[in-house]
Amino acid sequence: MHGYSRLGGAARSPPSSPRFRHGRSKNGSWNSSKESNSMEKLVFILMSAVFRRRGLLLFAPLLYISGMLLYMGSFSFDVVSIKNGVVLVHKRAPPGSVYRSPQVFEKLWPFMEAEAANANNGTGNVLVKAWTSGELREWRPCANRSVPEAELPKSNGFLIIEANGGLNQQRLSICDAVAVAGLLNATLLIPIFHLNSVWRDSSYFGDIFDENFFIQSLGNHVHVVKELPVDVLERFDNNISNIVNLRVKGWSSSAHYLQKVLPQLLEMGAVRIAPFSNRLAQAVPSKIQRLRCFANFGALRFSEPIQALAESMVERMIKLSSQSGGKYVSVHLRFEEDMVAFSCCEYDGGEEEKHEMDIARERSWRGKFKRKHRIIKPGANRIDGRCPLTPLEVGLMLRGMGFDNTTSVYVAAGKIYKEQKYMAPLKQMFPRLQTKNTLATPEELAQFMGGNFPHFLMGHRRYMYGGHAKTVKPDKRKLALLFDNPNIRWKEFKQQMKDMLRHSDLKGTELKKAGGSVYTFPMPDCMCKQPVLKIENANKT
């Protein structure tokens, strides 16, 4: 029996990109050869012998300097001391592996204050001229360019998916489900939201998104229903859990769905895929990719209560930013307790912090971080740019980029870990700081538990602003090195930050690469390029 499919070809799953740089192993540890260990032992023996024999003390400095120069590439020294005639050599932590940002802030703060006192309110210029590449607006939205069918063919059956994870993963699952339903010519049941152990959000689809708009928008593209028909439910004893759950692997290709899922759908009339997050490859045929685009940029919009509150908060923020012409910086902080715990990074909280993070990891991920071969290396994680930036680090970065203390800042985040401690320096650097709690009343926020869409927002900005993301994406590997240097000069730090801002500007119009996501990089799959007239000065608006 062969069912109708709106796709003739298949696509390969995208290759996974390498995550690890030269010099580090996959578990985040630093590679060292047996030869370097032998050399270290030899240096210890020689130096111990030298210091025990007084007649050779004159040669000690020479041997020490020679050893330093010879083995600088193998290991570095922090302190060399002598105890009971034995030389003690302490290894220095690799650059960028330790959280020293508070010391950097303490060193640079006087220079920030002096600069702000002498400034002539240049904040407006920074906000206006931060982005230059996007002014040409070469790209325009065209997510709905796929021609809707006059009449959809008869459905092959019902597709039930469970959107797991946080709001980011749930939105991704919804859009991917639309694409898979179109691929299989299936009727999509409004996605079910899995109760996440971390977010603990019991919301339904209709609580977050406009359900009726979603169904109507997709009417000529994909069949979507709010509930399964009674006769279908009766076949499974009125229990969706009785519908067979197909365990689809992550990033499965369109060919897999056609070869493995479609036959099951035709045979049983309904199939379930749970969990569904990241279950469709990034690289799929163009017709299916356009369905993804339309679902994300055309069919999904927030429910009316969320839209109304969001519009009110934006209006209030604009009024509070009158000194900079209604412009402000929106900071997406990811320094909630679960993010800090999951990163396995260490900050400056000592044993108390380690204990709290162990409890948080066990509470949300039950045993995942205590598996036999799991090795946690906080220093390697920081060097590799995997540690969430603290509010202090974000503030340092923005001040270095040229946003002074008159800049209005909106912080979008959940409950910050040890908020009073970590938010204080950010407020010190940016007194005009607002959050959802300062912009909205407790009554207005009561029905919303919060959440975030960082990558989707980046994609939406590109979609709305001619292809430019208008987003600073920090180079956290570079920042780890800079924040590990308490002796850095303010002038040098500013130059590094301005270079980072310039790089974000250039990368703002980045096209989707092989294996990339259309949700973050909508060009060229979801947007169309258009001819642009030459503009003499791209900075003018």
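**Chat about a predicted model**

Me: In β11, which residue is the bridge partner of Val411?
Reply: In β11, Val411 has Thr435 as its bridge partner. Strands here are DSSP runs of E with at least two residues, helices are runs of H or I with at least four, and both are numbered from the N terminus.

Me: What kind of model is this, and how are residues numbered?
Reply: This is a predicted model: local features need pLDDT of at least 70, side-chain atom pairs count only at pLDDT 80 or more, and totals for chains, interfaces and linings use all residues. Residues are numbered from 1 along each chain as its sequence is written, and side-chain values use heavy atoms, with hydrogens and water left out.

Me: Back to the strands. How many bridges join β10 to β11?
Reply: Three bridges join them, and the two strands run parallel. Two strands count as paired if DSSP finds at least two bridges between them.

Me: What order do the strands of that open sheet have?
Reply: The order is β9-β10-β11, three strands with parallel pairing. β9 (329-332) and β11 (433-435) are the edge strands, each pairing on one side only. From one strand to the next, the twist averages 30 degrees. Axes for such angles are lines fitted to C-alpha atoms, for helices over the stretch in contact, and angles run from 0 to 180 degrees between N-to-C directions.

Me: How many bridges join β9 to β10?
Reply: Four, and β10 covers residues 409-412. Val329 has Val409 as its bridge partner in β10. Ser330 stands opposite Tyr410.

Me: Which side chains of β9 are buried?
Reply: Val329 and Val331 are buried and point to one face. Buried means under 20% relative accessible area, exposed means over 50%, and partly exposed is in between (1.4 Å probe, protein chains only).

Me: Zooming out. How many helices and strands does the protein have?
Reply: It has 21 helices and twelve strands. Of its 541 residues, 46% are buried.

Me: How many residues are in the largest nonpolar core?
Reply: There are 57. Those with the most contacts inside it include Leu159, Phe205 and Tyr257. A nonpolar core is a set of buried Ala, Val, Leu, Ile, Met, Phe, Trp, Tyr and Cys residues joined through side-chain atoms within 4.5 Å.

Me: Which element gives the most to this core?
Reply: α5 does, with eleven residues. Another core of 51 residues lies apart from it, with Leu108, Val409, Met423 and Phe430 among them.

Me: What does Leu159 touch?
Reply: Its partners include Ala177, Val180, Leu188, Val271 and Ile273, leaving out residues up to four places away in sequence. Contact means heavy atoms within 4.5 Å.

Me: Is Lys154 buried or exposed?
Reply: Lys154 is exposed, because its relative accessible area is 76%. Lys154 sits in the loop between β3 (139-141) and β4. The C-alpha atoms of Lys154 and Asn185 are separated by 7.9 Å, though the two are 31 residues apart along the chain.

Me: New topic. Which residues of α19 are buried?
Reply: Pro454, Phe456, Met458, Gly459, Arg462 and Tyr463 are. Among the elements covering them are α5, α10 and β9. Just after α19, Gly466 takes a positive phi of about 65 degrees.

Me: Where is the cis bond to Pro275?
Reply: It runs from Ala274 to Pro275, with omega near 0 degrees. Pro275 lies in the loop between β8 and α10. A cis bond also joins Met523 and Pro524, with omega about 5 degrees.

Me: What is phi of Asn278?
Reply: Near 60 degrees, a positive value in a residue other than glycine. Asn278 is in the loop between β8 and α10. Asn278 counts as partly exposed because its relative accessibility is 25%.

Me: Last one. How much space lies in the largest cavity?
Reply: About 110 Å³. A cavity is a set of points on a 1 Å grid over the protein atoms alone where a 1.4 Å probe fits but cannot get out, and lining residues have an atom within 4 Å of a point. Grid points are joined across faces, edges and corners, and the volume is the space filled by probe spheres set on the points. The lining has 16 residues, with Arg382, Glu393, Leu479, Ala480 and Phe483 closest to the centre. Helix α20 (residues 476-482) gives the largest share of that lining, three residues.

Definitions and conventions: 1 Å grid on protein atoms, 1.4 Å probe; cavity = no way out; pocket = protein on both sides within 12 Å on 5 of 7 lines; lining within 4 Å.
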